[in-house]
Amino acid sequence: MTVEDCIGGRSPGRILRRINKLMLARVEARFADGDFGFTPWLALKHLHDGVVATAGELAREIQMTTGATTRLIDGLEALDLVVRDRGSADRRVVRLTLTEAGTAKYLDRISVLVTAWNEILVDFERDEVDQLVQLLTKLMHSFERHALPQTELQPEQAE
């Protein structure tokens with residue numbers, strides 16, 4: 001890339017931030033019509049999809065402080081959507097599990113997210129959507145790989 005590639009409307013960082021803000025506003029507005037907000041639902045989604053398994057992972061994934069995440073989990077637990085498991089040898093590690101009600105709540109609103117994405121991607125062919133996801137995933141992995149000190153990489157990832 002050159003300096004010109006990072007100016008104004010061509011700046012990849014600006015484009016990614018703008019897309020994130022626009023999509024977040026769109027989805028949050030869709031979730032505002034229900035009894036359950038987007039952030040709690042997103043926590044259920046990450047648990048359901050296996051993206052996270054612990055309170056710490058959830059905090060990092062949804063970019064919340066650990067205190068805010070604890071309050072979020074407290075609320076989900078009070079609604080019987082999530083259970084905490086401190087069964088590991090390290091009591092500081094709190095594993096999270098969706099309850100049957102949590103899975104049902106997740107499934108109840110997944111169509112809201114899918115519909116929002118389908119409205120935005122209406123002008124894309126299926127292979128373009130697949131390519132977009134593939135390239136974004138590659139970009140994310142590159143950021144993750146280069147953001148970690150070499151000593152934290154798994155042996156098979158180190159070059």
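F38 is buried, with a relative accessible area of 12%; buried here means under 20% relative accessible area, exposed means over 50%, and partly exposed lies in between (1.4 Å probe, protein chains only). This is a predicted model in which local features need pLDDT of at least 70 and side-chain atom pairs count only at pLDDT 80 or more, while totals for chains, interfaces and linings use all residues. Residues are numbered from 1 along each chain as its sequence is written, and side-chain values use heavy atoms, with hydrogens and water left out.

You will find F38 in helix 2, which covers residues 38-48. Helices (H or I, at least four residues) and strands (E, at least two) are DSSP runs, numbered from the N terminus. Leaving aside residues up to four places away in sequence, F38 touches L24, V27, E28, F31 and L113, where contact means heavy atoms within 4.5 Å. One of these partners, L113, sits 75 residues from F38 along the chain, with 9.7 Å between their C-alpha atoms.

## Q63, a positive phi in a loop

Let's turn to the backbone. Q63 is not a glycine, yet its phi is positive, at about 55°. Q63 belongs to the loop that links helix 3 (55-61) and helix 4 (66-78). With a relative accessible area of 73%, Q63 is exposed.

How accessible is D80? At 46% relative accessibility, D80 counts as partly exposed.
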